[in-house]
Amino acid sequence: MNQRADAESLDRQLESVMAGVNVKSSSEWNELMAIAANVRKLPDPNFRRRLWGELLDDCGIHEPSHPQFEQVTSATAFASMLPTLIGDQSAVFPPDHRSFLVSFVSHTALIVLIASGIWAGGGKDVLKKAVEISQLTYLPTGDGGGGSGEHNPIPATKGTAPKMTEHQLVPPLIVVRKPDPVLPVQARVVGPPDLKLPQSNQIGDLISSNVSIPSNGSGDGGGAGNGSDTGLGTGPGMGYGPGSDRGFGGGPFRPGAGVTAPRAIYEPEPEYSEEARKIKQQGMVVLSVVVDQQGRPRNIHIARSLGLGLDEKAIEAVKKWKFTPGTKDGIPVAVQVNVEVSFRLY
Amino acid sequence: MKTLASGDGDRFLIEAAQHDRFHFAELYEQNFDRVYAFIDRRVSTREEAEDLTGEVFHRALASIANFRWQGMPFIAWLYGIAMNVLSAHWQKFGKHPAQLAEDWDQGGSDEIELRAILAELVESLSPDQRTVIVRRFIEERSIREIAQELSRSEGAIKQLQLRALENLRVKLGRTV
């Protein structure tokens with residue numbers, strides 16, 4: 001039997017399915033009839049879209065509807081659309097064709113500009129991406145930091161860090177127990193020696209609230225601050241700041257306290273990878289990104305993977321993003337954010 | 001087949017939706033077919049199924065902020081809402097809500113999964129085949145109407161219908 005005859009034969013039997021009548025079909029069509037009967041129970045795609053539109057309304061997001069435009073071909077209809085141009089109208093003033101020309105050119109230019117912007121955005125497969133803040137990180141110039149203290153309940157005195165050194169001989173101390181060492185050596189914190197930090201006559205923790213009482217702070221390790229090891233500040237390490245290890249910088253910063261989140265201002269959309277498109281892979285890639293003081297994304301890592309090349313596509317796109325940097329007390333600082341990139345096929 | 005035992009991956013999506021309700025889109029897309037099938041099996045008309053499905057998702061979106069992750073997949077929470085919605089609906093017609101649980105025990109979950117898979121497979125058909133299947137079996141249009149809409153002969157539409165159903169049979173065989 002050829003395919004045309006098969007198609008006719010099947011359709012005759014499907015008519016009974018459509019009528020809701022149970023008929024005994026030939027065995028060759030049994031499975032197809034069962035599938036057709038199940039497909040009849042599937043939701044209407046129009047309902048699916050309509051309901052999502054309603055849910056967006058619930059969210060206060062108004063998605064533009066997609067009205068069906070009727071094709072207008074007759075001259076009468078054209079005249080009714082553009083009465084001023086055609087002159088078939090009841091206007092007070094006579095038609096001025098130059099006005100139409102100016103309007104047409106300016107609108108065309110506007111449409112081209114908008115279209116080119118949309119084209120430049122690319123990635124029509126991507127429904128939405130958003131920047132979500134999960135953890136704020138204070139990273140002025142690096143990812144190091146350190147701190148220590150001597151179990152003093154009074155926080156370390158406010159001040160500035162000593163210079164950086166690669167090899168620490170004397171940790172930074174605010175209260176020096178042996179003021180006259182035989183071999184005087186300047187206190188240092190460990191980090192790149194060419195890293196310039198604000199200096200003053202008072203060694204101390206820059207963010208401390210204790211401005212008057214000399215104290216090495218509540219930490220331990222022999223330095224100054226609330227952390228541990230021989231650095232200065234609230235972190236564990238031999239550097240300076242709330243981070244760890246060496247250098248100057250911070251680990252996780254507490255939300256609030258005057259730190260604002262960076263805001264994406266240029267967000268070119270990612271493309272779909274071929275392999276993901278083939279199997280219609282959808283979902284969300286989450287990237288951990290540090291937005292530096294200049295609003296550039298740095299240290300991009302995958303926090304949640306989708307695979308099939310979509311992670312790489314997300315990174316590729318986010319590398320091009322530009323942000324307004326986050327600030328602390330009004331000053332731009334590096335802030336770590338999670339960037340969610342959703343991939344959805346229409 | 002997927003069952004209620006899986007679904008740990010929902011957690012992140014739920015947290016995203018709780019943070020910004022626009023992210024509810026992913027949860028909606030993942031669960032729409034199952035919720036619809038869950039309800040459609042228990043009502044008599046498509047209109048009823050659509051109304052009640054709509055109510056379930058409206059309620060879910062409204063209360064997503066209150067959702068507390070306890071290890072169960074998100075669909076289980078949606079089924080809970082659906083059961084409440086159905087219970088209220090059934091009470092209007094004097095039916096007893098206990099029938100819902102009995103129905104679930106009698107293999108209702110398998111049929112729901114089958115329908116969810118079938119919905120995905122219909123989406124994976126070529127545009128022509130998908131249009132024919134949707135118009136013919138979901139919108140219940142005649143072959144003649146579809147032929148006119150697509151500017152094809154009725155014979156061509158019947159052949160597309162045959163190929164689409166055969167494709168679904170093959171894909172279903174691979175999936176289930």
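1. A helix is here a DSSP run of H or I of at least four residues, numbered from the N terminus, and in that sense the elements of chain B read α-α-α-α-α-α-α-α from the N terminus on. Chain B accordingly has eight helices and zero strands, whereas chain A has eight helices and 16 strands. The model is predicted, and this should be kept in mind for every point that follows.

2. On burial, 34% of the 346 residues of chain A count as buried, and in chain B buried residues make up 35% of 176. As for contacts between residues at least 6 apart in sequence, 70% of those in chain A join residues at least 24 apart, while in chain B residues 24 or more positions apart account for 64%.

3. How many residues of chain A are in contact with chain B? The contact involves 38 residues of chain A and 43 residues of chain B. On the chain A side, at least two residues each are supplied by helix 1 (3-18), helix 2 (27-39), helix 3 (45-59), strand 1 (129-132) and strand 16 (335-343). Helix 3 of chain A gives the most to this side, with nine residues. By class, the residues of chain A that touch chain B divide into 19 nonpolar, three polar and 16 charged.

4. The crossing in which helix 3 of chain A passes helix 3 of chain B is right-handed. From helix 3 of chain A the residues taking part are A:F47, A:L51, A:E54, A:L55 and A:D58, and they meet B:E50, B:G54, B:F57, B:H58, B:L61 and B:A62 in helix 3 of chain B. The residues of this contact divide into six nonpolar, two polar and three charged.

5. Inside chain B, the axes of helix 1 (residues 10-19) and helix 2 (residues 24-40) come within 8 Å and cross at roughly 135°, which means that helix 1 of chain B is oblique to helix 2 of chain B. Here B:L13, B:I14 and B:A17 in helix 1 of chain B meet B:F24, B:E26 and B:L27 in helix 2 of chain B. This contact has five nonpolar, no polar and one charged residues.

6. Strand 16 of chain A, which supplies at least two residues to the side that touches chain B, is mostly covered, eight of its nine residues being buried. Strand 16 of chain A runs antiparallel to strand 11 (residues 283-291) of chain A, and nine bridges join the two. One place to look at in this pairing is A:S288, which stands opposite A:N338 in strand 16 of chain A.

7. Leaving aside neighbours within four places in sequence, A:I265 is in contact with A:K322, A:F323 and A:T324. The C-alpha atoms of A:I265 and A:T324 are separated by 6.6 Å, although the two residues are 59 apart along the chain.

8. A:E274, which lies in helix 7 (residues 274-278) of chain A, also counts as exposed, because it has 9 C-beta neighbours inside 10 Å. A:E274 and A:G309 are 35 residues apart in sequence, and their C-alpha atoms are 8.1 Å apart in space.

9. Two backbone angles deserve a check by eye. Most residues other than glycine have a negative phi. A:N299, although not a glycine, has a positive phi of about 45°, and its place is in strand 12 (residues 297-304) of chain A. With 14 other C-beta atoms within 10 Å, A:N299 is partly exposed. A:L308, likewise a residue other than glycine, has a positive phi near 55°, and it is found in the loop between strand 12 and helix 8 (310-318) of chain A. A:L308 is partly exposed, with 19 other C-beta atoms within 10 Å, and it does not count as buried because that class requires 20 or more.

Technical notes
Residues are numbered from 1 along each chain as its sequence is written. Chains are lettered from A and ligands numbered from 1 in the order in which they are written. This is a predicted model: local features need pLDDT of at least 70, side-chain atom pairs count only at pLDDT 80 or more; totals for chains, interfaces and linings use all residues. A residue is buried if 20 or more other C-beta atoms lie within 10 Å of its own, exposed if 12 or fewer, and partly exposed in between; C-beta atoms are placed from the backbone. Two residues are in contact if their C-beta atoms, placed from the backbone, lie within 7 Å. Ala, Val, Leu, Ile, Met, Phe, Trp, Tyr, Cys and Pro count as nonpolar, Asp, Glu, Lys and Arg as charged, and the others, Gly among them, as polar. Two strands pair if DSSP finds at least two bridges between them. A crossing is left-handed if the near helix is turned anticlockwise from the far one by less than a right angle, and right-handed if clockwise. Axes are lines fitted to C-alpha atoms, for helices over the stretch in contact, and angles run from 0 to 180 degrees between N-to-C directions. Angles under 35 degrees count as roughly parallel, over 145 as roughly antiparallel, 65 to 115 as roughly perpendicular and the rest as oblique.
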